[in-house]
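I opened this model to look up a few local features. My entries follow, in the order in which I made them.

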Amino acid sequence: METVQFISTSPSALVNLINEAVKCQLDNLKKEFQPKEPTKYVTRQYVADEMLHCDLSTVHNLTVKGILIKYAIGGRVLYIRDEVENAIVQLKK
(Lines give C-alpha, C1' and ligand atoms only; values in the text may rest on other atoms or scores of the structure.)
Protein backbone atom coordinates (compact mmCIF):
# COMPACT_ATOMS: atom_id res chain seq x y z
CA MET A 1 0.00 0.00 0.00
CA GLU A 2 1.28 3.43 -0.86
CA THR A 3 1.97 6.13 1.69
CA VAL A 4 0.64 9.53 0.74
CA GLN A 5 1.85 12.73 2.35
CA PHE A 6 -0.51 15.68 2.45
CA ILE A 7 1.30 18.99 2.44
CA SER A 8 -1.07 21.91 2.06
CA THR A 9 -3.49 19.94 -0.14
CA SER A 10 -6.81 21.48 -1.07
CA PRO A 11 -9.98 19.64 -0.02
CA SER A 12 -10.98 18.93 -3.63
CA ALA A 13 -7.54 17.44 -4.37
CA LEU A 14 -7.85 15.30 -1.23
CA VAL A 15 -11.26 14.03 -2.36
CA ASN A 16 -9.81 13.14 -5.78
CA LEU A 17 -6.94 11.21 -4.15
CA ILE A 18 -9.37 9.28 -1.98
CA ASN A 19 -11.61 8.49 -4.97
CA GLU A 20 -8.62 7.23 -6.98
CA ALA A 21 -7.46 5.04 -4.10
CA VAL A 22 -10.94 3.56 -3.65
CA LYS A 23 -11.28 2.94 -7.39
CA CYS A 24 -7.89 1.21 -7.48
CA GLN A 25 -8.83 -1.06 -4.55
CA LEU A 26 -12.19 -1.85 -6.14
CA ASP A 27 -10.54 -2.77 -9.45
CA ASN A 28 -8.12 -5.11 -7.64
CA LEU A 29 -11.00 -6.75 -5.78
CA LYS A 30 -12.94 -7.29 -9.03
CA LYS A 31 -9.92 -8.98 -10.62
CA GLU A 32 -9.39 -11.37 -7.69
CA PHE A 33 -13.01 -12.11 -6.79
CA GLN A 34 -14.50 -15.29 -8.22
CA PRO A 35 -18.08 -16.06 -7.18
CA LYS A 36 -18.57 -19.46 -5.60
CA GLU A 37 -20.83 -21.73 -7.58
CA PRO A 38 -23.39 -23.69 -5.58
CA THR A 39 -22.95 -27.43 -5.20
CA LYS A 40 -25.27 -29.30 -7.55
CA TYR A 41 -26.78 -32.46 -6.11
CA VAL A 42 -28.38 -35.12 -8.30
CA THR A 43 -30.48 -38.17 -7.53
CA ARG A 44 -29.52 -41.81 -8.03
CA GLN A 45 -31.99 -42.01 -10.89
CA TYR A 46 -30.43 -38.99 -12.61
CA VAL A 47 -26.92 -40.45 -12.21
CA ALA A 48 -28.07 -43.77 -13.67
CA ASP A 49 -30.19 -42.45 -16.54
CA GLU A 50 -28.66 -39.14 -17.59
CA MET A 51 -25.01 -39.28 -16.57
CA LEU A 52 -23.85 -42.90 -16.75
CA HIS A 53 -26.62 -44.46 -18.87
CA CYS A 54 -26.72 -47.53 -16.67
CA ASP A 55 -29.01 -49.33 -14.26
CA LEU A 56 -29.67 -48.26 -10.64
CA SER A 57 -27.94 -51.41 -9.45
CA THR A 58 -24.74 -50.27 -11.17
CA VAL A 59 -24.89 -46.95 -9.31
CA HIS A 60 -25.43 -48.89 -6.07
CA ASN A 61 -22.45 -51.17 -6.80
CA LEU A 62 -20.20 -48.19 -7.60
CA THR A 63 -21.25 -46.63 -4.30
CA VAL A 64 -20.56 -49.82 -2.33
CA LYS A 65 -17.09 -50.06 -3.93
CA GLY A 66 -16.38 -46.46 -2.90
CA ILE A 67 -16.11 -45.12 -6.43
CA LEU A 68 -19.13 -42.86 -5.91
CA ILE A 69 -19.86 -41.06 -2.65
CA LYS A 70 -23.48 -40.75 -1.60
CA TYR A 71 -25.03 -38.09 0.60
CA ALA A 72 -28.37 -38.33 2.33
CA ILE A 73 -30.97 -35.90 3.61
CA GLY A 74 -34.37 -36.92 4.86
CA GLY A 75 -34.01 -40.48 3.60
CA ARG A 76 -33.14 -39.26 0.12
CA VAL A 77 -29.83 -40.34 -1.46
CA LEU A 78 -28.01 -37.71 -3.49
CA TYR A 79 -24.69 -37.42 -5.30
CA ILE A 80 -22.62 -34.35 -6.08
CA ARG A 81 -22.59 -33.93 -9.85
CA ASP A 82 -18.92 -32.87 -10.05
CA GLU A 83 -17.83 -35.89 -7.98
CA VAL A 84 -19.66 -38.27 -10.32
CA GLU A 85 -18.04 -36.62 -13.34
CA ASN A 86 -14.60 -36.79 -11.69
CA ALA A 87 -15.06 -40.51 -10.96
CA ILE A 88 -15.04 -41.18 -14.69
CA VAL A 89 -11.44 -41.88 -15.69
CA GLN A 90 -9.83 -42.15 -19.09
CA LEU A 91 -8.47 -45.57 -19.97
CA LYS A 92 -4.96 -45.84 -21.32
CA LYS A 93 -4.61 -47.56 -24.67
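**Entry 1: His53**

I looked up His53 and found this residue exposed, with a relative accessible area of 63%. The classes are buried under 20% relative accessible area, exposed over 50%, and partly exposed in between (1.4 Å probe, protein chains only). The model is predicted, so I note that local features need pLDDT of at least 70 and side-chain atom pairs count only at pLDDT 80 or more, while totals for chains, interfaces and linings use all residues. Residues are numbered from 1 along each chain as its sequence is written, and side-chain values use heavy atoms, with hydrogens and water left out.

I then checked the backbone. His53 has a positive phi of about 50° and is not a glycine. Most residues other than glycine have a negative phi. His53 sits in the loop between H2 and helix H3 (56-64). Helices (H or I, at least four residues) and strands (E, at least two) are DSSP runs, numbered from the N terminus.

**Entry 2: the sheet**

In what order do the 3 strands of the open sheet stand? I read the order as S1-S3-S2, with antiparallel pairing. Two strands pair if DSSP finds at least two bridges between them. Strand S1 (41-43) and strand S2 (71-73) are at the edges with a single partner strand each, so one side of each has no neighbour in the sheet. From one strand to the next, the twist averages 45°. Angles run from 0 to 180 degrees between N-to-C directions, and axes are lines fitted to C-alpha atoms, for helices over the stretch in contact.

I went through the pairs next. S2 is joined to strand S3 (residues 76-80) by 3 bridges, and the two run antiparallel. Here Ala72 is opposite Val77, and Ile73 is opposite Arg76. S2 and S3 make a hairpin with 2 residues between them, and Gly74 in the turn has a positive phi of about 60°. S1 and S3 also pair in the antiparallel sense, over 3 bridges. Thr43 has Leu78 in S3 as its bridge partner.

**Entry 3: H2 on the sheet**

Which strands does helix H2 (residues 44-51) touch as it packs on the sheet? I found S1 and S3, where contact means heavy atoms within 4.5 Å. The direction of H2 makes about 85° with that of S1.

Leu17 is in helix H1 (residues 11-32) and is partly exposed at 37% relative accessible area. Leu14 also lies in helix H1 and is partly exposed at 31%. I also took a distance: Leu14 and Arg44 are 30 residues apart in sequence and 61 Å apart in space, C-alpha to C-alpha.

**Entry 4: salt bridge**

How many salt bridges does the count come to? I got 1, taking a salt bridge as a side-chain nitrogen of Lys or Arg within 4 Å of a carboxyl oxygen of Asp or Glu. The side chains of Glu85 and Arg81 meet in a salt bridge at 3.3 Å, N to O. Both residues lie in helix H4 (residues 81-87), 4 residues apart, about one turn of the helix. Glu85 is partly exposed at 37% relative accessibility, and Arg81 is partly exposed at 25%.
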